[in-house]
Amino acid sequence: MMVTPKWWVALAALLRLALAAPQASTTTTTTTDFLETSVPTLTISTSVPSPTAPLSATLPSQAPLPPVQPWCIGQIFCPGAVLQTVNIAQLYSDPKTFVDKPTSKSAQQVLADFAAFNLSTVTEGDLVDFVENDFLGEGLELEAAELTNFNANPAFLSNVTDPLLNAFAQIVNGYWTQLARSTNQSALCDDYTNGACESTLIPLNHTFIIPGGRFREQYYWDSYWIIQGLLKSELYSTVNATLQNFMDEIDDFGFIPNGGRTYYLDRSQPPLFVNMVYDYVAVTSDTSVLQRALPLAEIELAWWANNRTIEITSPYTNQSYMLARYSVNNTAPRPESYLTDYLTANDPTYGTPLTQQQAEALYGELASGAESGWDFTARFEMVPQFGDPGLRTYNIQNTIPVCLNSILYRAHTLLANLYGDSNSTATAAHLQTAANIRAGILDLMWDASKLAFYDFNLTSNARNSFFSAATYYPVWADIIPDEVLSSQSNAFGYFAAVNLVMNKYNGTVPTTFVDWSGQQWDAPNTWPPHQYIILEALNALPSNLTTNALPTPGAGQSAYDLVPSGQLNLTESQLPGQPLRGAQASQNVTATGPGSDVNTLNGTVVNGGNSSSGEGWASTLGREVANRYFTSVLCSWHATGGSITGLLPRLPNNELNLTNSVNNTGNMYEKFSILNVDSSGSGGEYTVQAGFGWTNGVLLWVAANYGQLLVAPVCPALVASTGSASSGAVSHWKSSSPAAIMITVLASAVVSTHFTWV
C-alpha cells in the first residue's frame with residue numbers, strides 16, 4: 001500500500017476527534033420486542049482474561065518481533081512487544097478482543113507499565129493484572145443509535161404472501177434497530193501522543209449498521225448487502241449516512257479500509273462502493289449525493305489501479321490486460337488475528353520452522369486473504385489438495401480473482417452510467433477501462449469447454465481449475481460469454497452446479513465443494529452474499545435463454561450428470577456427503593447416481609417452493625435458491641429460540657438446550673450449512689457470529705423480490721421423537737441428535753471420498 005503524507009495527517013486528525021476521556025461502561029441489559037423502534041441499551045462488556053495456563057506460569061518463548069509496519073501508528077495495538085506478549089499469554093479466546101479495548105491510561109503510562117516487566121520471567125497473572133488495570137471494555141467508543149424514519153411495515157412486506165414468512169420478514173426488518181451504531185463522542189481518546197487514552201476506533205461522523213458479534217464496527221463489503229436490505233426497509237437516510245461514512249474515509253485515507261479500526265488501514269475489501277451509490281440513486285432518485293460521490297469514487301478506483309493492478313499478458317492470446325489482485329503490503333501478524341497468524345508461522349507442529357523472510361511473506365498472504373473477504377479458503381492455496389495443507393500454502397497475491405475483477409468491471413460501467421452526458425470524457429475513460437477488464441476476464445478466466453470462470457494463476461501462468469461461487473460474478477456484472485449466449489443448454493450448464501446443490505443437499509449453494517480444508521469459506525459453508533450473486537446472475541440472462549423447462553438427468557444418473565464435464569474438477573464421489581435426518585433417513589440412498597439426489601421432488605425440491613406451469617429453468621432455480629435461503633435463515637433462527645406468537649411456537653427447553661439457546665430469542669447467523677438448514681456454518685479463525693447484517697439484508701431483498709414464491713419451510717427436529725410433528729406452521733422431521741449428525745459431518749470432512757449416512 002502506498003502511504004502518502006496526507007494519510008498521516010488524516011489519521012492524526014482522526015485521533016484528535018476526542019471530546020473527553022473514556023467514561024465507565026454500562027452493565028444494563030435491555031430485552032426488546034422485535035418491533036421495538038426505540039434506541040436499545042447497548043451493553044459494553046469487559047471480557048475477563050481467561051488464560052489456559054496457570055496464573056503462576058511464565059510465558060513460552062517468543063519468536064523475534066516482526067518489522068514495524070509503516071501503516072500502523074503506536075506501540076500498543078500495532079504489531080510489537082505489547083501485542084505479541086499479550087497474545088502469547090492467550091488471555092482471550094478471540095485475539096480481536098484485546099485490540100478493541102481502549103486503554104484506561106495514556107499511551108505513555110501503558111507502555112511504562114509494560115516496560116516494567118521482565119519478559120523472561122513475566123507470568124500469566126502479571127499479564128492478567130496488566131490488561132485489567134490498563135484497558136477498558138471492548139467497543140466502548142460506540143453507542144446504539146436511533147434509526148430516523150424507521151418503518152415497521154415497509155411496502156415490500158405486501159409481496160410476501162405466506163403469513164409465517166411475512167411475519168418473519170417483519171421481525172428481521174426490525175433488527176436494523178438493534179444493529180444501528182454511532183460514535184460515542186464522550187468515549188473517544190485525545191491526540192495520540194499526549195492523550196488520556198489510546199484506541200483503535202476510526203471515529204465516524206454518521207450512523208451505520210454493524211454486522212454483529214465481534215464485528216462491532218462498520219465493515220466495507222458487508223455494507224453492500226446491508227444496503228440491499230436497508231433500501232427494501234425504506235431506510236434511505238441510513239443508506240445515505242453509510243455512504244457518507246465511506247466518503248469520509250476516502251477523503252481521509254484515499255481508500256475504504258476493511259473495517260472501522262486503525263488496524264485495518266493496511267487493506268481494503270471487495271470494492272463495492274460505486275455499486276452502493278448506484279443502487280441508492282436508482283431507488284431514491286437522490287442525485288445530490290453524486291456531487292461528492294463521483295470524485296471520491298474516482299479516488300477509490302485510482303487506489304485500486306495504483307496499488308492492486310498489474311499488467312498480464314495472456315498465454316492464450318498474447319494480449320495484455322490490466323487486472324487486479326488482492327495484495328497487501330504487510331509483514332506482520334494481523335492485530336485482530338495476531339495469535340492465529342503468529343501460530344500459523346511459528347507453530348512447531350506445522351513442520352519445518354519458517355525463516356523470518358518466509359514468515360513475513362506469509363503474513364502478507366494472510367492479510368491479502370482478509371482483504372478478499374474470503375478469509376480463508378482452499379481456493380487460494382498454491383496447490384489445493386485432499387487433506388489440509390494449512391494456510392502456509394496461501395498464494396492469493398499471485399492469483400487474479402474472477403470476482404474482484406468482475407466487481408471492478410461493474411464499478412467502471414456503473415460509474416460511467418452515473419456520469420452520463422455530464423462528463424463525456426470521464427464516461428469514455430471508464431467504459432474503456434471496463435472493456436479492458438471484460439476482455440481480460442473472458443480471455444484469462446473463461447473456460448468455454450467447462451462453461452465456467454476460474455481464477456488466473458500467476459505462478460503457473462495458467463487458468464486454475466478450482467471451482468467456486470466466484471464463477472457467477474461475471475454474469476452478475478453483465479459479462480456473459482458468447483458460449484452462454486449461444487444456447488439454452490449452455491446457459492443452463494453454466495448454472496448446473498446450482499441445480500446439483502438443490503437436489504443433492506439440504507441447504508443453499510456453498511462457496512466451494514471442498515470440505516476437507518476446515519476453512520470457513522469452503523464447504524460445507526454457504527454464505528448469504530453468494531445467494532444474492534447467484535440470483536442476480538440468473539436474472540441477468542436474456543429471456544430467450546431461460547424459457548425451457550429444467551433438464552433432467554439421464555437414466556440411472558443424478559443431477560451431477562447435468563454438470564459439464566470437468567467443471568467441478570471433482571468426481572461425484574468426491575463431493576461432500578449429505579447426512580440424512582428423519583424422513584430422509586428412510587430413503588434408499590447412494591453416494592452416486594439418482595439415489596444421491598435426496599431432495600428431488602416432482603417439479604421442485606424439498607424446501608424449494610412450489611412449481612408452476614410453464615416455469616422456465618432459470619425461474620425454477622431462482623425460486624428454489626430463494627426458498628432454500630429463507631429456509632436456512634428461519635430454521636436456524638427457530639432452532640436458537642426464535643418464535644412468533646400464533647404462528648411459530650417456541651421450541652421446548654429440552655431441545656433448545658442442544659443449541660445453548662434456552663435464554664435466547666433466535667440467532668441470525670453470518671453463514672449457514674449446506675447440510676443442515678437448522679444450523680450455522682462452522683470453521684474459520686473465530687466462533688460463529690450472530691447478528692447479522694448481510695444475512696438480514698439478503699433475506700429482506702429475497703422477501704421483496706421473491707415473496708409470492710416463498711413457502712413456509714420444513715425444519716428438521718432438534719431431538720429424536722416418537723410423537724407427532726411439532727405444532728405450528730413449521731413442521732419437523734424426526735432426527736437423531738445434532739451430536740451424532742456433527743460426527744457424521746466431521747467424518748465426511750476428513751475423508752471426503754466416503755459417505756456416512758445418519
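How many helices and how many strands does the chain have? The chain has 24 helices and 16 strands, where helices (H or I, at least four residues) and strands (E, at least two) are DSSP runs numbered from the N terminus. This is a predicted model, in which local features need pLDDT of at least 70 and side-chain atom pairs count only at pLDDT 80 or more, while totals for chains, interfaces and linings use all residues. Residues are numbered from 1 along each chain as its sequence is written, and side-chain values use heavy atoms, with hydrogens and water left out.

**The chain as a whole**

- Of the 758 residues of the chain, 60% count as buried, a word that stands for under 20% relative accessible area, found with a 1.4 Å probe and protein chains only.
- Among the contacts with a separation of 6 or more, 74% join residues 24 or more positions apart, contact being heavy atoms within 4.5 Å.

**Helix 20 and helix 21**

- The axes of helix 20 (residues 528-540) and helix 21 (residues 617-639) come within 10 Å and cross at roughly 160°, which makes helix 20 roughly antiparallel to helix 21, a label for angles over 145 degrees.
- These axes are lines fitted to C-alpha atoms over the stretch in contact, and the angles run from 0 to 180 degrees between N-to-C directions.
- On the side of helix 20, Pro 528, Gln 531, Leu 535 and Leu 538 take part in the contact, and their partners in helix 21 include Trp 617, Leu 621 and Tyr 629.
- By class, the contact of helix 20 with helix 21 has nine nonpolar, two polar and no charged residues; Ala, Val, Leu, Ile, Met, Phe, Trp, Tyr, Cys and Pro count as nonpolar, Asp, Glu, Lys and Arg as charged, and the others, Gly among them, as polar.

**The sheet 1-2-3**

- Strands of a sheet pair through backbone hydrogen bonds, either parallel or antiparallel.
- Three strands form an open sheet in the order 1-2-3 with antiparallel pairing, where two strands pair if DSSP finds at least two bridges between them.
- Strand 1 (142-144) and strand 3 (208-209) are the edge strands, each pairing on one side only.
- Strand 1 pairs with strand 2 (residues 180-183) over three bridges, and Glu 143 has Ser 182 in strand 2 as its bridge partner.

**The sheet 6-9-10**

- Another open sheet has three strands in the order 6-9-10, again with antiparallel pairing.
- Strand 6 (399-400) and strand 10 (462-463) each have a single partner strand, so one side of each is left without a neighbour in the sheet.
- Strand 9 (residues 456-457) pairs with strand 10 over two bridges, and Asn 457 has Ala 462 in strand 10 as its bridge partner.

Key
Parallel < 35°, antiparallel > 145°, perpendicular 65-115°, else oblique. Buried < 20%, exposed > 50% of the residue type's maximum accessible area, 1.4 Å probe, protein only.
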